[in-house]
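Below is a short report on one protein model.

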Amino acid sequence: VDEIKGVDQVMADVEQEISQAQDPNMKPVLIMKQTKLEGEKQQLAAREKRLRGDKKQLGVRERQLRVKERQLRDDKAKLRDKEAKLREEMKEKKQAAFTWTESEARLDGMGFCKEEKYFRLDCSYLRGTNVNSGEQLLLYCRKAFLEQFRFLREQVLEHGALGWIQGSPGTGKTTTTLSFCMKLDRNEWSFKCIRLKARSNTCVVEVTGNKRRTCSFAKESEGEQMKLLLEGLLDGKKSLL
């Protein structure tokens, strides 16, 4: 618009010069200049028209984008609701898949004793039951016991890594690992111990806070049940398996 006004001003000046021109040879030059200015004015008017059309299209596009943005927000909210519903359904499915027996964890009396030369352990945890017979193991903290504790703390727990403990049967791998789990801060950690057995049902012991839960399932359904147990670890809490 400002450019058109500028051209109009120049054309007005040229018209005045034409009307006042005394030299007959100068008048044709001024008329040619006037014709050129009229052409420029038409081009500027055409460009202004195109720009107004583009602006109108941009306004339509902006409104369409706003509508689409609202739709995306609504779709996102619906997806969040659907995700929450699916998580709840999966949680209910997992709970229904196992028959848990719950009791008090009774870990207060467990742990190092006798100047940390021994470790006291509730035998019911090794058996995978909630039955408290009062029977306890008093484990001597030999070098291998302390080394496995250090490995679990420094290489597994602190790095969030998988740990592999290899050794002959009956050398204390499971007992030592279970002892380590019992020493975790139960306000921060939970742990789950899964005992896979060749000729009998799989046993599971889970400790969260001051509660202990146990369950077992047959080998025929072991694969599916294990999958559900592992999915249960993905709830954002610190957990050791």
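In which sense do strand S2 and strand S3 pair, and over how many bridges? The model is predicted, and the pairing in it is antiparallel, over three bridges.

Strand S2 spans residues 111–113 and strand S3 spans residues 118–122. Together S2 and S3 form a hairpin, with four residues between them. Lysine 114 sits in the turn and has a positive phi of about 50°. Across the pair, cysteine 113 stands opposite tyrosine 118 of S3.

S3 also pairs with strand S4, residues 136–140. These two strands run antiparallel, and five bridges join them. Here tyrosine 118 stands opposite tyrosine 140 in S4.

## Cysteines

How many disulfides does a search of the whole structure find? The search finds zero. Cysteine 181 shows the geometry for one case. Its closest cysteine sulfur belongs to cysteine 193, and the two sulfurs are 7.0 Å apart. A disulfide needs the sulfurs within 2.5 Å, so this pair is too far apart for a bond.

Is cysteine 181 buried or exposed? Its relative accessible area is 7%, so cysteine 181 counts as buried. Cysteine 123 is buried as well, with a relative accessible area of 6%. The cut-off for buried is under 20%.

## Serine 190

Serine 190 lies in strand S5, residues 189–195. Its relative accessibility is 14%, so serine 190 is counted as buried.

Which residues does serine 190 touch, leaving out those up to four places away in sequence? They are Val207, Thr208, Lys238, Ser239 and Leu240. With serine 239 there is also a polar contact: the two side chains are joined at 3.4 Å.

## The largest pocket

The largest pocket has a volume of about 1000 Å³. Its lining comprises 26 residues. Nearest the centre lie Gly163, Thr177, Lys192, Ile194 and Leu241.

Which elements give two or more residues to this lining? Three are helices: H4 (143–157), H5 (173–182) and H6 (222–231). The others are the strands S5 and S8, the latter covering 238–240. S5 is also the strand that holds serine 190.

Definitions and conventions:
Residues are numbered from 1 along each chain as its sequence is written. This is a predicted model: local features need pLDDT of at least 70, side-chain atom pairs count only at pLDDT 80 or more; totals for chains, interfaces and linings use all residues. Side-chain values use heavy atoms; hydrogens and water are left out. Buried means under 20% relative accessible area, exposed over 50%, partly exposed in between (1.4 Å probe, protein chains only). Two strands pair if DSSP finds at least two bridges between them. A polar contact is a pair of N or O atoms within 3.5 Å; within protein, one must be able to donate a hydrogen and the other to accept it, and residues adjacent in sequence count only if both atoms are side-chain atoms. Contact means heavy atoms within 4.5 Å. On a 1 Å grid over the protein atoms alone, a cavity is a set of points where a 1.4 Å probe fits but cannot get out, and a pocket is an open set with protein on both sides within 12 Å along at least five of seven lines; lining residues have an atom within 4 Å of a point. Grid points are joined across faces, edges and corners, and a volume is the space filled by probe spheres set on the points.
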